[in-house]
Amino acid sequence: MNQTPSDKQCCKETEDRRSFQVRLSMFLSGVIGALIVLPGVGFVLAPIFKKTKQKWRTLGRVDDYQEGATVLVSFEDPSPEKWAGVTAKTAAWLRRVDKEKFIAFSINCRHLGCPVRWVEGPELFMCPCHGGVYYKDGTVAGGPPPEPLDRYQVRVRDGNVEIHTAAVPLTTTLTFDES
Amino acid sequence: MKKRRLKAAWDWFDDRIGFSECMMPYIAHTVPRDARWWYVFGSATLTAFIVQVATGICLAMAYVPGGDEAYESLRYITEEAQFGSLVRGMHAYGASAMVTLVVIHLMQVYLHATYKYPRELNWMTGVVLFFVVLGMAFTGQLLRWDANGVWSVFVATEMASRTPYIGPMISHFLLGGETVGGSTLTRFFAYHVFIMPGIIFAGVGLHLFLLFRHGVSEMPDPNQPVDPATYKEQYEKRLKETGVPFWPNAMWRDVVFSTLVVGIIVGCAAIFGPPALDASPDPASIHADPMPDWYFWWYFAVLSLLPPSYELWFILGVPIFGFLVLFCLPLFSNKGHRAPSKRPWAVGIIVAALASFVVLTIYGYREPWSPDFGVEELPTNVIGAEEGPVFEGGKLVHSKGCMYCHDINGYGGHRGPDLSNIGQQLTREDLIIRINNGGYNMPSFASSLNSEELSKIVDFLMTRIEDKGGSSKN
């Protein structure tokens, strides 16, 4: 064929331009993708980093609780969403040890989080899921739980028993947290 | 006349859209003659998925993913809405069907080693789809948002939190915060309704594309091991000689089996109705007995039976390691024999897996490791006394919780040893020591029993001697 040098020039140019177009399009597609996705990723991951400010919640009058008894109490989460309904509530087992002292146990079994039940006769907390059992002070009496029941902070103010809300107790393995 | 017009209209449409030109070659592509009933499970899984999409869209028209409203809207769907119970039932039985069929499909493909060259990616996309289907099953039972649903979230969160270092972050991501609340259900709703179905649609598309690209595999033949160098050529040659068009020669079996599947789904939904809703989702109501749907009972059992020191490996290992092993399988073994007769290990693995599944599922259902909270009191004739310490001891073993875990003459739980013959097995002193101090998995009762109560319980237990021809309720 009778290709002139200028023809070749043109085609080489086109090839250069084409590879530039490919790179530009790939790059801009990446930009479009990032612009669309990143705000959403931030939105979805935000709860991980949000630190909830925990609050003291009043449970009831001190005199409502018998010494030596363990009863179920429930209280509202620190910042419940308006649409949360009943899921805004959390429960705890409140034990009045003596005149002054209260202990509030988390109802979540330390094995896999199922709700433990207080059984009056043998004075044990028992879990219906995998058979975890705890003594009245929350220490493990049997079954798979690796740790004692978690406790909430409790205090008595103006004749009222108050509980400090907390995150769901998570049983962890290795953590960044040294404690 | 009318017929001719219709034909003209179809021809116009077909010419423009290209059905005969582009689609028919796929639908009527040649498949091996021996691809018979063994091959119907994949298409049946897809049919079950279509049932799920159709019924799921209907349910989404009435379901409200909100704290209180979810439960109330489900009660409305189940109890009041026209056809609501049927549609919810179809969605529930469709889920069971889909999980069952995807597992059977996976086992069949594994048994016939269809994952070998050139169908490695068919298998790998299938494994991803399998895990997403399990994810759909789990999030689906959770969306019922009854007590069971709420506690399923806690269990998922606790399992995730065992991941080293980033566990708590994953948990808070799942919960949408630090506790179960208004932001929890909406997130699971989005996974179940948008994200995972999206992955399934894309995955099924790719899976089917690969099926057409590499063709339907032949039944395994011990004389035809896979050799990547020659496989494609030989496959094409054999297919040319003996193959049949997929539509309708092979596909009619898929259609018959899928009809059966849909018939069973609709039939079960109409006859048995959807699964009953548990108590309301109040996290402060602790009288919940969280239990996964049947397809996860085996795992529920594993988590109870394991020694705690192995637990971490199972909680994290089963999903992650299980996925990796399945996913990478064709990368390690992509040639050689396909016939089960030449692959005894594969047959053994399938048999062992099925046997473990059945045994663990039965265990998971019976939960013998769980204290039996609803245990009945011993009747007087079983106690064998109407007054005195033995009688009172017989009452105390119930009220002090012994019977939650111990069986006595056919009454009581199964967590601990049967006490029906304990009077012959242990001495009085041994019993006192045992009850006071506890032992392997048994709590110590020293602080919750006074000496009088203890002595009565031991008096009663010493009378527990099995007479060989005795009458016990079982």
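This is a predicted model: local features need pLDDT of at least 70, side-chain atom pairs count only at pLDDT 80 or more; totals for chains, interfaces and linings use all residues.

I started with the contact, which takes 51 residues from chain A and 58 residues from chain B. Two residues are in contact if their C-beta atoms, placed from the backbone, lie within 7 Å. On the side of chain A that touches chain B, the elements giving two or more residues include helix H1 (5–49), strand E2 (70–76) and strand E3 (89–96) of chain A. Helices (H or I, at least four residues) and strands (E, at least two) are DSSP runs, numbered from the N terminus. I sorted that side of chain A into 30 nonpolar, 16 polar and five charged residues. Ala, Val, Leu, Ile, Met, Phe, Trp, Tyr, Cys and Pro count as nonpolar, Asp, Glu, Lys and Arg as charged, and the others, Gly among them, as polar.

Residues are numbered from 1 along each chain as its sequence is written, while chains are lettered from A and ligands numbered from 1 in the order in which they are written.

Next I went through chain A, which has one helix and 11 strands. I found an open sheet of three strands in the order E1-E11-E10 (chain A), with antiparallel pairing. Strands pair if DSSP finds at least two bridges between them. Its edge strands are E1 (56–61) and E10 (154–157) of chain A. E10(A) is joined to strand E11 (residues 160–164) of chain A by four bridges. There I saw A:Arg155 opposite A:Glu162 in E11(A).
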